[in-house]
Amino acid sequence: MADELAKVSVVEIDPEGTFKYILLRIKVKDGDAFKDIVRGTKSAEYHNHIFEKVSPAMEALGLECKCLGGGKIEHNSSEKKIRVFGESTAFGKADHAQSAEKLKSAFAGYEVTWSDEKK
């Protein structure tokens, strides 16, 4: 089952714009193996809309899904910059430092910054 974790991409975000994101922990049901992933999209009006889309997809792979918090991502692809900030009313603030590290690994050559400010 741990290979199911390997199939899930660490980061899936929109290619441009400012949008909500959540940090999730996915794990093998009845197991200890887990992986933290970042998901963000402009189509989500609220953070829980992202969770409601990701959770069933993970369950279909036999994985459990838990939201660790949320915030916003500002993605400027032309300048190769990503900024992580803000918080989710429903899930609380994600560990932006951890999210930024995951984004750095997915977007090589980008400047990825984060802050705990709400704006």
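# Exercises on a predicted model

In this predicted model, the side chain of arginine 83 sits over the face of phenylalanine 85, at 3.9 Å from the ring centre.

## Exercise 1: Histidine 47

Determine where histidine 47 is placed, whether it counts as buried or exposed, and which residues it touches.

Solution. Begin with the secondary structure, where the place of histidine 47 is found to be in helix 2. Next take the accessibility: the relative accessible area of histidine 47 is 6%, and because buried means under 20%, this residue counts as buried. Then list the contacts, leaving out residues up to four places away in sequence, which gives Lys20, Tyr21, Ile22, Gly70, Gly71, Glu87, Ser88 and Phe91. Finally, consult the record: an unreviewed UniProt entry places the feature "active site" at His47, an annotation that may be inferred rather than shown by experiment.

## Exercise 2: Helix 2

Compare the span of helix 2 with the expected value, and state what its buried residues pack against.

Solution. Helix 2 covers residues 47-60, and from its first C-alpha to its last it reaches 21 Å, which is close to the 20 Å expected for its 14 residues at 1.5 Å a residue. The buried residues in this helix are His47, Ile50, Phe51, Val54, Ser55 and Met58, and the elements they pack against are strand 2 (17-28), strand 3 (34-41) and strand 4 (63-76). After the helix comes glycine 62, with a positive phi near 85°.

## Exercise 3: The partners of strand 3

Work out which way strand 1 and strand 2 run relative to strand 3, and how many bridges join each of them to it.

Solution. Strand 2 runs antiparallel to strand 3, with eight bridges between them, and here tyrosine 21 has glycine 40 as its bridge partner. The hairpin of strand 2 and strand 3 has five residues between the strands, and in it aspartate 30 takes a positive phi near 60°.

## Exercise 4: Serine 115

Locate serine 115 and decide whether it is buried or exposed.

Solution. Serine 115 lies in the segment after strand 6 (111-114), and it counts as buried at 18% relative accessibility, because the cut-off is under 20%. Leaving aside neighbours within four places in sequence, its contacts are Val84, Phe85, Gly86 and His96. The C-alpha atom of serine 115 is separated by 17 Å from that of glycine 17, 98 residues apart along the chain.

Note on methods:
Residues are numbered from 1 along each chain as its sequence is written. This is a predicted model: local features need pLDDT of at least 70, side-chain atom pairs count only at pLDDT 80 or more; totals for chains, interfaces and linings use all residues. Side-chain values use heavy atoms; hydrogens and water are left out. Helices (H or I, at least four residues) and strands (E, at least two) are DSSP runs, numbered from the N terminus. Buried means under 20% relative accessible area, exposed over 50%, partly exposed in between (1.4 Å probe, protein chains only). Contact means heavy atoms within 4.5 Å. The expected span of a helix is 1.5 Å times one less than its number of residues. A charge sits over a ring if NZ of Lys or CZ of Arg is within 6 Å of the ring centre and within 35 degrees of the ring normal. Two strands pair if DSSP finds at least two bridges between them.
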